[in-house]
Amino acid sequence: FSIGRIDEDIDVEDLIRRYTSDVIASAAFGLQVDSVKDKENKFYKAGQNLFNFNAWQRFLFFFTAVFPNLSKIKKPERKKGKKKSVINKYT
């Protein structure tokens, strides 16, 4: 670990985001990750990908926030019958 120079810029937002990821990994999952030092940490990258929304997902989020009653409209029921599940396939 080296101490940066005085004239070096530090991305505080990134530092806090990575530290928070380390705390969550340790407290919730018992993992010891060091995403502050390891910039390519898999746990950190997976956590960041959870919040990358495409345009359709952003629209749905906005729509349900603005029109909560319309978002509760029932979807048509599926036909009832024998369901094939992955679990049943291998048991």
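Is Phe43 buried, partly exposed or exposed? The relative accessibility of Phe43 is 24%, so the residue counts as partly exposed (buried is under 20% relative accessible area, exposed over 50%, partly exposed in between; 1.4 Å probe, protein chains only). The model is predicted, with local features requiring pLDDT of at least 70 and side-chain atom pairs counted only at pLDDT 80 or more, while totals for chains, interfaces and linings use all residues. Residues are numbered from 1 along each chain as its sequence is written, and side-chain values use heavy atoms, without hydrogens and water.

Aromatic rings of Phe, Tyr and Trp (its six-membered ring) were paired if their centres lie within 6.5 Å, with planes under 30 degrees apart counted as stacked, over 60 as edge-to-face and the rest as tilted. For Phe29 and Phe43, the ring centres are 5.9 Å apart and the planes stand at 65°, so the pair is edge-to-face. Because Phe29 belongs to helix H1 (residues 12-29) and Phe43 to helix H2 (residues 42-49), the pair ties together parts that are 14 residues apart in sequence; helices are DSSP runs (H or I, at least four residues), numbered from the N terminus. Phe29 has 54% relative accessibility and counts as exposed. One aromatic cluster is formed by Trp56, Phe59, Phe63 and Phe67.

Arg18 is placed over the face of Tyr44, 4.1 Å from the ring centre (CZ of Arg within 6 Å of the ring centre and within 35 degrees of the ring normal).

Val66, in helix H3 (residues 55-66), is partly exposed at a relative accessible area of 41%.

Methods:
Helices (H or I, at least four residues) and strands (E, at least two) are DSSP runs, numbered from the N terminus.
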